[in-house]
Amino acid sequence: MGTGPAVTGIDWTVDSVTADGTTHRAPAHAHVKIEDGRAAGSFGCNRFSGTAQITGDQIRLSHVRTTRMACDNARMTFERALSRTLTSGPLTMTGEGGKLTLTASGGDRVQLSRT
């Protein structure tokens with residue numbers, strides 16, 4: 001198992017999530033920061049926090065808690081896809097040049113950019 005890209009201590013903006021073959025553009029303010037074994041940010045409507053375990057080029061988010069605000073349908077659809085993808089199990093991390101891709105075993109992926 002190799003070493004993945006540097007991901008901790010960086011404010012990442014979520015650009016998009018591709019789930020079940022459909023790419024959803026992220027609403028403004030969707031972001032994540034991973035630091036000291038924790039992940040926190042916004043799914044685009046609701047804020048979240050959880051545990052982040054990094055092993056080589058893989059990351060696993062678990063014990064995720066979120067706020068429970070209701071937003072418009074587009075943001076809620078994006079949020080459900082992002083939440084499901086980020087918590088689906090180990091995600092493979094690839095990236096360079098200020099970009100990061102998290103890919104689930106089934107092919108769903110999250111695209112992020114350094115803020």
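## Thr 101 and its surroundings

Leaving aside its neighbours within four places in sequence, which residues is Thr 101 in contact with? The answer is Thr 92, Met 93, Thr 94, Arg 109, Val 110 and Gln 111. Please keep in mind as you read on that this is a predicted model.

Thr 101 has its place in strand 8. Its relative accessible area is 15%, and since buried means under 20%, Thr 101 is buried. One of its contacts, Gln 111, also meets Thr 101 through a polar contact of 3.2 Å between the two side chains.

## The disulfide

Next, look for the sulfur atoms. The structure holds 1 disulfide, and it joins Cys 45 to Cys 71 with an S to S distance of 1.8 Å.

The disulfide is right-handed, because the torsion about the S-S bond of Cys 45 and Cys 71 is about 80°. The two cysteines can also be described by their accessibility. Cys 45 is buried, with a relative accessible area of 8%, whereas Cys 71 counts as partly exposed at 22%.

## Salt bridges

Side chains of opposite charge can pair when their charged atoms come close. How many salt bridges does a search of the whole structure find? It finds 4 of them.

One of these salt bridges brings together the side chains of Asp 11 and Lys 33, at 3.9 Å from N to O. This pair links distant parts of the chain: Asp 11 is in strand 1 (residues 11–19) and Lys 33 is in strand 3 (residues 31–35), 22 residues apart. Lys 33 also forms a salt bridge with Glu 35, where the closest N and O atoms are 3.9 Å apart. As for accessibility, Asp 11 is partly exposed with a relative accessible area of 41%, Lys 33 is partly exposed at 28%, and Glu 35 counts as partly exposed at 38%.

Another salt bridge is formed by Lys 99 and Asp 15, with the closest N and O atoms 3.9 Å apart. Here, too, the pair links distant parts of the chain, with Lys 99 in strand 8 (residues 99–103) and Asp 15 in strand 1, 84 residues apart. Lys 99 counts as partly exposed, with 47% relative accessibility.

## Aromatic rings

Now for the rings. A search of the whole structure finds 1 aromatic pair. Are the planes of Phe 43 and Phe 48 stacked or edge-to-face? The ring centres of Phe 43 and Phe 48 are 4.3 Å apart and their planes are at 10°, so the pair is stacked. Both Phe 43 and Phe 48 are buried.

The charged end of Arg 114 sits over the ring of Trp 12, at 6.0 Å from the ring centre.

Let us finish with two more residues and their contacts. Thr 18 has its place in strand 1. Is Thr 18 buried or exposed? Thr 18 counts as buried, at 9% relative accessibility. Not counting residues up to four places away in sequence, Thr 18 touches Thr 23, Asp 108 and Arg 109. With Thr 23, the side chain of Thr 18 also makes a polar contact of 2.8 Å, side chain to side chain.

His 24 is found in strand 2 (residues 22–25). Which residues does His 24 touch, not counting those up to four places away in sequence? They are Asp 15, Ser 16, Val 17, Thr 77, Phe 78 and Ala 81. Asp 15 is also the salt-bridge partner of Lys 99. For a view along the chain, His 24 and Arg 75 are 51 residues apart, and their C-alpha atoms are separated by 9.7 Å.

Definitions and conventions. Residues numbered from 1 in each chain as written. Predicted model: local features only at pLDDT ≥ 70, side-chain atom pairs only at ≥ 80, totals over all residues. Heavy atoms only, no water. Phe/Tyr/Trp six-rings, centres within 6.5 Å; stacked < 30°, edge-to-face > 60°. Buried < 20%, exposed > 50% of the residue type's maximum accessible area, 1.4 Å probe, protein only. Lys NZ or Arg CZ within 6 Å of the ring centre and 35° of its normal. Helix = DSSP H or I, 4+ residues; strand = E, 2+ residues; numbered from the N terminus. Polar contact = N/O pair within 3.5 Å; in protein donor to acceptor, adjacent residues only side chain to side chain. Contact = heavy atoms within 4.5 Å. Disulfide = S-S within 2.5 Å.
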